[in-house]
Amino acid sequence: MDLDALEFGIDTFGDVTLGPGGHRLPHAQVVRNVVDEAVLADQAGLSSIGIGEHHRDDFAISSPEMVLAAIAARTSSIRLASAVTVLSSDDPVRVYERFATLDALSGGRAEIVVGRGSFTESFPLFGFDLDKYEDLFEEKLAMFAQLRKGGRVTWKGTLTQDLDDVQLYPPVESGPLPAWVAVGGSPGSVVRAARYGMPLFLAIIGGHAERFVPYASLYRRALSELGQAPAPVAFHTLGHVAPGDEEAQEEFFGPYVRQMSRIGSERGWGTIDRRHFEHELAAGSLAVGSPATVARKIADGMRLLGAQRYHLKVSTGDLPHEKIMRSIELYGTQVVPLVKEMLAQE
């Protein structure tokens, strides 16, 4: 494993957090806090930040590109990505133009992570038929892959518009926009990413990273069989860092259980309780604890998956902004060096 090629970043969905008085912060304040978190991540030496798109009360960010543009103006090195762009309910042309603009503003730091999205509120909001969930993503990803090549584009669409020898602006200065395909656990989606030669980003929400090894293996095999060049694999997990294990777990437990229980009630999951939480800590993907504990969890995942990039999802439920800021600082300054040390010992 090439340690110099490894990348470590953060993800956030702009979860609506609690303020000092225990009340939910206004959405506008949460957006501003996310910008501050990104600035700290840049200062702590992290390589990238991904910002998710949601259109619901418990998440503050509906337009990641706008927030990323604000981050671009206050940072110098960190790469700026979505997490994810719900391509199925968007226009690939507009997506490309927005990120090409972000790339210009940031001096070439924009990245797109496209996916079908695990939340579906954007479909009725923007007038798309959920019955065409799979078909919309398939066609729009094909269109987006064509647009990424740059130059003039001609495209015949069924669920998208036609393009007749169109040039998009602004052109990207430094070659094709970096773009990943996010996958939550569908073999078909893994093969689709390989078909377009786009890097794979595994979104691990629950369970151990070992469960996702077959997807990483399938991806590499599909790339080879389809005649595509090797491409990196990344993954993200939920997590939180504090000086000690017990402190980190107690800070994270309440926000995690409240959020997972709320989403679970919408989707028909079982009850999320302390036993579930402790199981995920011991045998799942949660990277929660002291710097050493979190580093071991990340290093294990990177070994298993052969991953070149890892993102820690630092916002979970109403976890306060101040706790997130400390977690980011510890992650960048202590966890990442420990992960590299652990991987160097192989």
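Reply: Contact here means heavy atoms within 4.5 Å. In the protein chain, 74% of the contacts with a separation of 6 or more are between residues 24 or more positions apart. This is a predicted model, in which local features need pLDDT of at least 70 and side-chain atom pairs count only at pLDDT 80 or more, while totals for chains, interfaces and linings use all residues. Residues are numbered from 1 along each chain as its sequence is written, and side-chain values use heavy atoms, with hydrogens and water left out.

The protein chain has eleven helices and twelve strands (DSSP runs numbered from the N terminus: H or I of at least four residues for helices, E of at least two for strands). Its C-alpha atoms fill a box of roughly 60 × 45 × 40 Å along the principal axes. Of the 346 residues, 55% are buried (under 20% relative accessible area with a 1.4 Å probe and protein chains only; over 50% is exposed, and in between is partly exposed).

The part to look at is strand β12, residues 309-313. Five of its five residues are buried, so β12 is largely enclosed by the rest of the structure. In a regular strand the side chains alternate between the two faces of the sheet. Here both faces are covered: R309, H311 and K313 lie on one side, Y310 and L312 on the other, and all are buried.

What runs beside β12? Strand β1 (residues 7-12) is parallel to β12 and joined to it by five bridges (two strands pair if DSSP finds at least two bridges between them). In this pairing, I10 stands opposite L312. Strand β10 (residues 233-241) also runs parallel to β12, again with five bridges. There H236 of β10 stands opposite H311.

H236 is buried, with a relative accessible area of 5%. Leaving aside neighbours within four places in sequence, H236 is in contact with D11, F201, L202, A203, I204, I205, Y310, H311 and K313. L202 in turn has contacts that include V183, F212, Y215 and L305, as well as H236, with neighbours within four places again left aside.

L202 also belongs to the largest nonpolar core, which has 84 residues; F8, L202 and Y331 have the most contacts inside it (such a core is a set of buried Ala, Val, Leu, Ile, Met, Phe, Trp, Tyr and Cys residues joined through side-chain atoms within 4.5 Å). Helix α11 (residues 321-344) gives the largest share of this core, nine residues.

The structure holds eleven aromatic pairs (rings of Phe, Tyr and Trp, the last by its six-membered ring, with centres within 6.5 Å; planes under 30 degrees apart are stacked, over 60 edge-to-face, the rest tilted). Y256 and F277 form a tilted pair, 5.7 Å centre to centre with 50° between the planes. This pair links helix α8 (residues 245-267), which holds Y256, to helix α9 (residues 274-283), which holds F277, across 21 residues. Y310 in β12 and Y331 in helix α11 are 21 residues apart, and their pair links distant parts of the chain. Y310 counts as buried at 0% relative accessibility, and Y331 is buried at 0% as well.
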